[in-house]
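Hi,

Here's the structure I promised to pass on.

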Amino acid sequence: MRVFIAGVDGYLGWPLAQHLSARGHEIAGVDAMLRRAWVAERGSVSAVPIASIGERLAAFRDASGASLSFTHLDLRDQPKLGETLAAFAPDAVVHLAECPSAPYSMIDFEHADFVQTNNVSGTLGLLFAMREHCPDAHLVKLGTMGEYGTPDMDIPEGFFEVEFRGRRDRLPFPRQAGSWYHWSKVFDSQNVSFACRLWGLAVTDVMQGIVYGSWCPPSDPRLSSRLDFDEAFGTSVNRFCCQAVIGHPITPYGSGTQSRGLLSLADSMQCLTLALEHPAAPGEYRVFNQLRDVVSIGRLAELVRDAARALGISARIAPVDNPRAEAEAHHYNPDSNKLRELGFRPSAPIDVELRRMIDDLVPHTDRVRAHAHRLPPTVRWEPAAACTASAAEEP
Ligand code: USQ
């Protein structure tokens, strides 16, 4: 299959290119190289050093014997995106090219506006370019479990049956996102499903939980994927592991009773591949909830602490005030059967994956320690009055 990966330089995109190529698929990729810039803007680095895109492409060739056709572009550049898609003529398109950070979107108006414009316009640009140049290709679009929020009922995969005033229908399950970033994904889902109805595109919208884990093939460090730990681009699990390796206290926010769906990077690769190799039908808009374990953040902190201790690293937990406005005590029971029905078999259990990640991080302890000041949360989901008050208190 010819697979076009938008966001091929990212945490998921770079391993996905390698994983699909190893299964015999032909890969082309585009990236605006923005993730590197955002992390630098936050004054941080990837804990695992990453090669330049040129070095990555050379390593890809050396490892697979195949070349990855790469184009540096922003999805909002319609003419260039159109040309690139037309030249490659993909069977499938994977859309990972978005700003993925809730805290980054909550910094101020400029960041909220950027994240929503970048994500929503980029997705719209891709939809129009696909309509024009590859209307039969299957689109696998990365959404997020965070679109649903934490309703006080089980979460189905995208749709549910509702009865209202004596009539029944199958309707999209309500979305109640908790950051400007998560709302951008909600808007994407609406646009993608509309394009599907309008133009007959085949789409899988993946509601993915929090992905964690390292990708460090021992054969060649140029193949490694990034692993962020700063407050904006590091997600909870990866941050907790980086905190543990440098002896920084692990920081569950608030009571730590908030629950999330998690899956390892290896499992994410497996799930995205299953979606690609079992495409949606023309005109079908299907939604997969992509997660493996549901775990509370407090329990997660304990799992990371214990994984570190098993490797001889003394780690400790120190809860901090929750900088986010989010429910801490809530029901959380999402369905996730569709990928299992397609054959998803979770790989290593979470404690094994955590030990593997910590092992991969140990050689890079100094890089993390040098940027440890980027670990504590500074972005707060506060109403205007509270923001003004905390700004006034600053020295
Ligand atoms: N959290 C802590 N301590 C930390 C960092 C986070 O307790 O040091 C808590 C947060 O308050 C939140 C939970 O961990 O309750 C998850 O936060 P996160 O930063 O791991 O994940 P989130 O902001 O929700 O976003 C991440 C990815 C995003 C993806 C989403 C999937 O950045 O792209 O969409 O995970 S989900 O969480 O299912 O919406």
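Y181 has a polar side-chain atom 2.8 Å from a ligand oxygen atom, and for R260 the distance from a side-chain N or O atom to an oxygen atom of the ligand is 3.4 Å. On its own the ligand exposes 730 Å², and the protein buries 93% of that (accessible areas come from the Shrake-Rupley method with a 1.4 Å probe, and for residues only the protein chains shown count as cover).

A note on what you're looking at: this is a predicted model, where local features need pLDDT of at least 70, side-chain atom pairs count only at pLDDT 80 or more, and totals for chains, interfaces and linings use all residues. Residues are numbered from 1 along each chain as its sequence is written, and side-chain values use heavy atoms, with hydrogens and water left out.

Which residues come nearest to the ligand? Out of the 22 around it, they are T144, S236, T251, Y253 and E326 (a residue is near if one of its heavy atoms lies within 4 Å). The shell has nine nonpolar, nine polar and four charged residues (Ala, Val, Leu, Ile, Met, Phe, Trp, Tyr, Cys and Pro count as nonpolar, Asp, Glu, Lys and Arg as charged, and the others, Gly among them, as polar). Helix α8 gives the largest share of the shell, three residues (helices are DSSP runs of H or I, at least four residues, numbered from the N terminus).

Now for the helix packing. α8 also packs against α12 (residues 350-361), at an angle of about 55° and with the axes 10 Å apart (axes are lines fitted to C-alpha atoms over the stretch in contact, and angles run from 0 to 180 degrees between N-to-C directions). So α8 and α12 are oblique to each other (under 35 degrees is roughly parallel, over 145 roughly antiparallel, 65 to 115 roughly perpendicular, and the rest oblique).

Cheers

Terms used. A polar contact is a pair of N or O atoms within 3.5 Å; within protein, one must be able to donate a hydrogen and the other to accept it, and residues adjacent in sequence count only if both atoms are side-chain atoms. Helices (H or I, at least four residues) and strands (E, at least two) are DSSP runs, numbered from the N terminus.
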